[in-house]
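I opened my notebook to work through this one step by step. Here is the structure I had on screen.

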Amino acid sequence: MSKLPFQTLKAFSDAHPKPSNRHFQYGTAGFRTLGSTLDSVMFRVGVLAGLRSKRLDGKTIGVMVTASHNPEQDNGVKLVDPRGEMLEASWEGHATVLANAATTDEFLTALDALVKAVKIDVSKPARVVYARDTRSSGPALVAALEDGFKALGIEARDAGVTTTPILHYLVKAINTKGTPESYGEDSEDGYYKKLSGAFKKLVAGKTEPEPLVIDCANGVGAHAAAKLAEYLGNSIPLVLENIATSTPGVLNESCGADYVKTTQRLPPNLVDKLKPGQRACSLDGDADRLMYYYLDERGHFYMLDGDKIAALVAAFIVDLVRLAGLDSEIKVGVVQTAYANGASTKYLSERLPVKCVPTGVKHLHHAAEHYNIGVYFEANGHGTVLFSPTTQEKLAKHEPSTPAQSTALNHLINLTQLINQTVGDALSDMLLVEVVLTHKSYSGVEWNSLYADLPNRLVKVVVSDRNAFRTEDAERRLVSPHGLQTRIDELVRRYGGGRSFVRPSGTEDVVRVYAEASVRSQADGKDYPHVIGTSTYVVFVTELAFRVAGLVYDEAGGDPSRRPKEFL
Ligand code: NG1
Ligand code: ZN
């Protein structure tokens, strides 16, 4: 077996020293932190991507440089496995070890150990495809990444500035090229063609929808949405907002999917741009999350989040499967996390199997693979639908016995082409939502009325060591610190039995507290079908969240003089 090119690796590595005061962790979103600290991480990830490719016989590995919805000064990097999925979990640990080697010598030793431990044949070819979002720290970080490719002699394809889901698409398209599982042309144009072609077939003969406003978060989604709009032609009018991708400081700033979800507000600069009832949506900084919303005649804001998308889409697919005459053979299921609104879980569970898994796309994706058709969405708007290989075969071979069955079957087949099955994809999900709304002749109002959200609140607590917080039961209960869960349970009971849970974030150095009321809020004596408002339950749930946050802060030994004043 040949050996790693240690001399070359050493020379390159010396040019990318690790900052001594930093610890890096490959979390649920890869490495993600201040962009200015990531040079050595990028170089090492470049080398690691090559080793992963060699380990998989030269299959192409994806590398995405992005920090998604995070503030503009952050950046990050994550690896994509050959089928377009997240990096296999066992390699997350290898990534963390390599990133934290203190010196070049330690890095080389760690590389050698990895090659031996996972039995990498270094003589195999290595191939990667890489891309970045629009962050200004991107070009320098990509240069460091490319040094990693050069150091190991990797065959690298630059996909330029593009969205995370397009990079995932490319990885899968490259690795399936020329096979019966071919995922599409391995180019960005191939992606737009595939999505727009399927969309046009799905809405053929239907009334053209009213214009849809897209808040592009001033990120890379602006480029992709503009190109997609060209391919879509007049099948759907799109109005692009927040497209200032080269203006410093505006990325994800008071706009984008995360802003909308966490503040439960409309991006302020859209206020005057939306007509009552007009559908609008926000992408995040790398266009893998999607939030819909609209304003009513009184200017009240209604948010349609990932849970509402899951409800809309799952019910539509269940109907199509039944109409195609395939309901005894194809089972549809939904996967959620503990952050799913309780009302969505109730709505969905009454209709189809629902599973709850820990936060993080890899957990959702893998659980969804266990269904014939698996719908997964996080409340924050990240999600997709997976059609198992046997289901896709069944759809291709099924012989419908009536024209109605044939129509439903064709819709299902076109959905397999419209949906980016590799990962959550805001643009693909947006077209999916538009298809369902068109087919059902729904406006945002009808969609929103599928169920009424329970009032909820998400709070961050900064602690010195988030690893002291460990959970079980799909993160719904704490096992450590010992005794804290019992105290949370007591509080929740005192607040009329809502729901609250605490878990360490996988992407930020914080602990998250979620609280939800058990009853829909009422306002003005009427049902108040969204979570904004001054009703008793909203006040209750906010108070509960801040009480639990206070408990967590004190338990984690937080400095009393710096205790946030809103913590109760
Ligand atoms: P953390 O930081 O582990 O809560 C956040 C999101 C996840 C997921 C990841 C990856 C919430 C509460 N958490 O994870 O759902 O999207 O980021 O981006 O939304
Ligand atoms: Zn994102």
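Below are my entries on a metal site, a few strands, the nonpolar cores and one serine.

**Entry 1: the zinc site.** A reminder to myself before I start: this is a predicted model. I looked up which atoms hold the zinc ion (ligand 2), and found Ser-68 (OG), Asp-284 (OD), Asp-286 (OD) and Asp-288 (OD), at 1.9 to 2.1 Å. How is the arrangement of the 4 donor atoms classed? Their angles at the zinc ion (ligand 2) run from 86 to 170°, so the arrangement is irregular. A tetrahedral label would need all angles between 85 and 135 degrees. I then read the spacing of the donor residues in sequence, and it comes out as S-x215-D-x1-D-x1-D. Ser-68 sits in the loop between β2 (60-65) and β3 (74-80), while Asp-288 is in the loop between β8 and β9 (290-295), so this pair ties together parts 220 residues apart in sequence. I checked burial too: Ser-68 and Asp-288 are both buried.

Entry 2: Next I followed β6 (residues 212-215). Leu-212 and Ile-214 point one way, Val-213 and Asp-215 the other, and all are buried. Leu-212 has Leu-238 of β7 opposite it.

**Entry 3: the nonpolar cores.** How many residues does the largest nonpolar core have? I get 82, and among those with the most contacts inside it are Tyr-292, Leu-418 and Trp-447. Helix α10 (residues 306-323) gives the largest share of this core, 10 residues. A second, separate core has 45 residues, including Tyr-26, Leu-48, Val-77 and Leu-111. I went back to Leu-418 for its contacts beyond four places in sequence, and they include Leu-195, Phe-199, Leu-202 and Val-435.

**Entry 4: Ser-505.** Is Ser-505 buried or exposed? Its relative accessible area is 4%, so Ser-505 is buried. I placed Ser-505 in the loop between β18 (499-504) and β19 (511-516). Setting aside neighbours within four places in sequence, its contacts are Arg-466, Val-510, Val-511 and Arg-512. I also noted that Ser-505 and Asn-467, 38 residues apart in sequence, are 9.4 Å apart from C-alpha to C-alpha.

Terms used:
Residues are numbered from 1 along each chain as its sequence is written. Chains are lettered from A and ligands numbered from 1 in the order in which they are written. This is a predicted model: local features need pLDDT of at least 70, side-chain atom pairs count only at pLDDT 80 or more; totals for chains, interfaces and linings use all residues. Side-chain values use heavy atoms; hydrogens and water are left out. Helices (H or I, at least four residues) and strands (E, at least two) are DSSP runs, numbered from the N terminus. Buried means under 20% relative accessible area, exposed over 50%, partly exposed in between (1.4 Å probe, protein chains only). Contact means heavy atoms within 4.5 Å. A nonpolar core is a set of buried Ala, Val, Leu, Ile, Met, Phe, Trp, Tyr and Cys residues joined through side-chain atoms within 4.5 Å. Two strands pair if DSSP finds at least two bridges between them. Donors are N, O and S atoms within 2.8 Å of the metal (3.2 Å for Na, K and Ca); water is not among the atoms, so sites may look incomplete. Four donors count as tetrahedral if all angles lie between 85 and 135 degrees; four count as square planar and six as octahedral if opposite donors are over 155 degrees apart and all others between 65 and 115; anything else is irregular.
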